Amino acid sequence: MICFCAKYFPWRWMWQSPGELLPPGLKDMATRALLYRRPAEPSRLLVKHGSQIYSIRLRRHRRARRYTLRIHPSDREAILTMPPRGTIVEAKDFAQRHGAWIAARLGRLPKAAPFLPGTVVPLRGIPHRIVHRAGMRGTVWTETRDSGEKIMCVAGDIAHIERRVHDFLKREARRDLQRAAEAYADELGVRVKRLSIRDQSSRWGSCTSAGSLSFSWRLILAPPFVLDYLAAHEVAHLVEMNHSPRFWKVCGRICSSVERAKKWLDTCGNDLHRYGIDD
């Protein structure tokens with residue numbers, strides 16, 4: 001149906017100030033969100049470099065000031081962050097101009113190590129080979145062979161091996177981090193209200209002002225002094241919610257391996273993201 005209006009209707013004014021023309025009951029945030037809603041955007045872009053085509057994940061962020069690219073180590077893909085007023089055309093041009101950088105960074109990712117029989121996985125920094133024990137009861141446990149080789153035994157159906165190993169490592173990470181965080185909290189006279197285990201790709205741990213700590217389960221793959229440092233780091237934030245000299249003084253007072261652990265993470269940390277994923 002086509003409607004005509006004899007008088008000029010201020011469409012631009014309605015777009016800029018919808019509340020002045022809407023009935024009282026429709027001036028809520030949900031209605032305004034509908035008026036300002038962006039058209040549907042693609043979630044990915046395809047970028048060609050040489051003979052390869054790369055799928056780039058798009059992410060619009062309200063605080064972004066410019067276009068940026070980063071590599072997600074566990075998802076093994078490039079992510080392009082757009083500013084609020086950015087356009088798809090500009091994003092695609094930006095990604096295409098950085099095609100060589102994307103190809104180089106993705107090509108340098110360490111080889112994936114899925115949780116399957118035969119894969120060697122570090123547990124607290126010590127290599128353990130995954131061995132399937134189909135005829136035995138239980139879930140996951142560790143053993144040492146007569147040769148001295150450390151193995152991680154997984155019972156049950158072979159289809160459940162990856163999930164069982166992943167769950168086992170998360171449980172071990174929670175146990176070690178809970179113990180370390182509580183010990184450091186007692187030493188500083190603070191309280192950890194909540195501790196969660198996640199698969200964070202951009203940071204190894206985080207702390208909120210409310211006393212909640214969050215850590216990557218992948219820390220259980222690192223040597224114990226690395227996990228201990230991260231626990232001390234986040235607990236120290238309960239005293240100083242910053243990275244000022246005062247914070248580092250608190251952290252160094254309760255943890256003697258700060259510099260050693262930071263160096264290890266800078267050198268070997270990225271390698272931890274290859275475990276439990278497929279090519």
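Start by selecting strands S2 (52-60) and S4 (77-82): S2 and S4 pair in the parallel sense over five bridges. Two strands count as paired if DSSP finds at least two bridges between them; strands are DSSP runs of E with at least two residues, helices are runs of H or I with at least four, and both are numbered from the N terminus. This is a predicted model, in which local features need pLDDT of at least 70, side-chain atom pairs count only at pLDDT 80 or more, and totals for chains, interfaces and linings use all residues. Residues are numbered from 1 along each chain as its sequence is written, and side-chain values use heavy atoms, with hydrogens and water left out.

Within this pair, show Leu-58, which stands opposite Leu-80 in S4.

Look for His-72, whose bridge partner in S4 is Glu-77. The S3-S4 hairpin has four residues between the strands, and Arg-76 there takes a positive phi near 55°.

Now colour S4 by accessibility. Six of its six residues are buried (under 20% relative accessible area with a 1.4 Å probe, protein chains only; exposed is over 50%, partly exposed in between). In a regular strand the side chains alternate between the two faces of the sheet. On one side of S4 are Glu-77, Ile-79 and Thr-81, and on the other Ala-78, Leu-80 and Met-82.

Finally, select helix H4 (residues 99-107), where Gly-99, Ile-102, Ala-103 and Leu-106 are buried. They lie on the same side of H4 because they cover an arc of only 95° around the axis, taken from the directions from the helix axis to the C-beta atoms.

Note on methods
Contact means heavy atoms within 4.5 Å.
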